[in-house]
Amino acid sequence: MKEHTFLNVINPVKDKMYRLALRLLTSKEAAEDATQEVILKLWDRKDRIKHYANVEAFAMTVTKNYCLDQLKLKQNNNLRIVHQNYESEHQSLQSEIEVNDEMEWLGRIVATLPEQQKMIFQLRDIEQYDYEEIAEIMEMNQTAIRVSLSRARKAIRENLIKKHNYGIK
């Protein structure tokens with residue numbers, strides 16, 4: 001595989017790899033480093049990449065495993081999801097503050113989920129992966145993915161309802 005062909009395969013996936021790394025490592029610099037390292041690993045395996053049915057799922061799996069290895073090395077268990085991708089020029093200051101507060105609460109709630117549920121929630125609801133792709137990335141069956149996602153959503157929903165109803169009853 002030539003460099004141009006490799007870049008055509010990897011470029012569409014690069015941003016998703018970065019976002020997953022950012023969710024796991026929580027540092028922009030660490031996520032950028034992880035993405036570069038994974039791309040280098042994929043480059044070293046460029047002759048084998050064409051044999052994979054789903055290169056995107058393979059790249060995401062390598063990214064996930066690399067980030068988890070980095071976290072084990074650093075013994076950093078402070079995994080959290082931080083959503084900073086939402087920007088709009090047409091919002092009032094009040095609604096912008098409300099959205100930021102809601103995202104902060106959502107991040108706190110998601111941070112309390114078990115690691116597996118966090119990753120499945122990230123892949124399905126944020127990255128918009130299909131259940132089949134998530135099953136391949138997480139090395140689980142689709143039924144277990146659906147159950148875990150359902151439990152994560154239920155926990156998030158219950159915590160948000162509790163937060164919004166605080167002091168009302």
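Before the structure itself, one term: a residue is called buried under 20% relative accessible area, exposed over 50%, and partly exposed in between, using a 1.4 Å probe and protein chains only. By that rule glutamine 128, at 57% relative accessibility, counts as exposed.

What you have above is a predicted model, so local features need pLDDT of at least 70, side-chain atom pairs count only at pLDDT 80 or more, and totals for chains, interfaces and linings use all residues. Residues are numbered from 1 along each chain as its sequence is written, and side-chain values use heavy atoms, with hydrogens and water left out.

Start with the overall layout. The protein has eight helices and zero strands, where helices (H or I, at least four residues) and strands (E, at least two) are DSSP runs numbered from the N terminus. In sequence order the pattern reads α-α-α-α-α-α-α-α. Of the 169 residues, 35% count as buried. A contact here means heavy atoms within 4.5 Å. Among contacts in the protein with a separation of 6 or more, 68% come from residues 24 or more positions apart.

Next, the core. In soluble globular proteins, nonpolar side chains tend to be buried together. The term nonpolar core is used for a set of buried Ala, Val, Leu, Ile, Met, Phe, Trp, Tyr and Cys residues joined through side-chain atoms within 4.5 Å. The largest one in this model has 44 residues, and those touching the most other members are Leu42, Met60, Leu123, Met138 and Ile145. At least two residues each come from α1 (3–25), α2 (28–44), α4 (55–74), α5 (93–111), α6 (115–126), α7 (131–138) and α8 (142–164). The most come from α4, which gives ten.

Which residues does leucine 123 touch, leaving aside those up to four places away in sequence? They are Leu20, Met60, Gln128, Tyr129, Ile134, Ile137 and Met138. Glutamine 128, in that list, sits in the loop between α6 and α7. Its phi is near 65°, a positive value in a residue other than glycine.

Threonine 26 also has phi near 65°, again positive and again not in a glycine. Threonine 26 is in the loop between α1 and α2, and is partly exposed at 26% relative accessible area.

Now helix packing. Two packed helices are described by the angle between their axes and the distance between the axes. The axes are lines fitted to C-alpha atoms, for helices over the stretch in contact, and angles run from 0 to 180 degrees between N-to-C directions. Under 35 degrees counts as roughly parallel, over 145 as roughly antiparallel, 65 to 115 as roughly perpendicular, and the rest as oblique.

Take α7 and α8: the angle is about 100° and the axes are 9 Å apart. That makes α7 roughly perpendicular to α8. On α7 the contact uses Tyr131, Glu132, Ile134, Ala135 and Met138, and on α8 it uses Gln142, Ile145, Arg146, Leu149 and Arg153. For the classes, Ala, Val, Leu, Ile, Met, Phe, Trp, Tyr, Cys and Pro count as nonpolar, Asp, Glu, Lys and Arg as charged, and the others, Gly among them, as polar. The contact of α7 with α8 then has six nonpolar, one polar and three charged residues.

For α6 and α8, the angle is about 95° with axes 9 Å apart. These two helices are therefore roughly perpendicular to each other. The α6 side is Gln116, Gln117, Ile120, Phe121, Arg124 and Asp125, and the α8 side is Ile145, Ser148, Leu149, Arg151, Ala152, Arg153 and Ile156. By class this contact divides into six nonpolar, three polar and four charged residues.

Last, the charged pairs. How many salt bridges does a search of the whole structure find? It finds six, a salt bridge being a side-chain nitrogen of Lys or Arg within 4 Å of a carboxyl oxygen of Asp or Glu.

Aspartate 125 and arginine 153 meet in one, at 2.5 Å, N to O. Aspartate 125 lies in α6 and arginine 153 in α8, so the pair ties together parts 28 residues apart in sequence. Aspartate 125 is partly exposed at 26%, and arginine 153 is partly exposed at 31%.

Glutamate 56 bridges to lysine 16, with the closest N and O atoms 3.1 Å apart. Glutamate 56 is in α4 and lysine 16 in α1, so this pair joins parts 40 residues apart in sequence.

Aspartate 101 and lysine 163 form another, at 3.9 Å, N to O. It links α5 to α8 across 62 residues. Asp101, Glu102 and Lys163 are linked in a network of salt bridges.
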